[in-house]
Amino acid sequence: MSADLPGKRPALALLAAVTAGTPRHLADEAACRFDPELHTGPDAFADEPADERAAREQVAREVCAGCPVWASCLFSALDMRPASGIWAGLTPEELREMAAPVSPDAVRGVA
Ligand code: SF4
């Protein structure tokens, strides 16, 4: 693997290239600015039934899909590693999987 890839995270290197020169602070353009709770869920201490949560997160993912700052949001989320919510259409678990190092065997299709 190339020593040029930061922390063995090719997704971050790719996103850095894609978003180079893009202002990181684009909250004014974020599609979720009208209803942030759609992405975060209700009060953290309130119970949210699983079916309601799944439906809410699906709508949040659809909002993200049309967001003009999606790439910058994904880059920031991969960097911040949020513990909850939907970020750039992904859950924290999905973000962790995306940022996980890739083994050389997996790249070669051996693993
Ligand atoms: S991609 Fe989704 S979470 Fe990120 S700013 Fe846009 S709407 Fe908000």
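I looked up Arg-56 and found a relative accessibility of 13%, so I logged Arg-56 as buried, the cut-off being under 20%. This is a predicted model, and I read the values with that in mind. Arg-56 forms a salt bridge with Glu-48, with 2.7 Å between the closest N and O atoms. Glu-48 is partly exposed, at 23%.

I then searched the whole structure for salt bridges and got five. One of them joins Glu-57 and Arg-53, closest N and O atoms 3.0 Å apart. Both residues lie in helix H3 (residues 50-65), four residues apart, about one turn of the helix. Glu-57 is buried at 12%, while Arg-53 is partly exposed at 43%.

Which residue does Arg-61 meet in a salt bridge? I found Glu-94, at 3.0 Å from N to O. Arg-61 is in helix H3 and Glu-94 in helix H5, so this pair ties together parts 33 residues apart in sequence. Arg-61 is partly exposed at 24%, and Glu-94 is partly exposed at 27%.

Next I checked Gly-89, in the loop between helix H4 (70-80) and helix H5 (92-99). Gly-89 is buried, with 12% relative accessibility. Beyond its neighbours within four places in sequence, Gly-89 contacts Arg-61, Cys-64 and Glu-94. Two of these contacts, Arg-61 and Glu-94, are the salt-bridge partners noted above.

Last, I noted the chain as a whole. I counted six helices and zero strands. Buried residues make up 27% of the 111 residues. The accessible surface is about 7400 Å², 58% of it from carbon and sulfur atoms.

How values were computed: Residues are numbered from 1 along each chain as its sequence is written. This is a predicted model: local features need pLDDT of at least 70, side-chain atom pairs count only at pLDDT 80 or more; totals for chains, interfaces and linings use all residues. Side-chain values use heavy atoms; hydrogens and water are left out. Helices (H or I, at least four residues) and strands (E, at least two) are DSSP runs, numbered from the N terminus. Buried means under 20% relative accessible area, exposed over 50%, partly exposed in between (1.4 Å probe, protein chains only). Accessible areas come from the Shrake-Rupley method with a 1.4 Å probe; for residues, only the protein chains shown count as cover. Contact means heavy atoms within 4.5 Å. A salt bridge is a side-chain nitrogen of Lys or Arg within 4 Å of a carboxyl oxygen of Asp or Glu.
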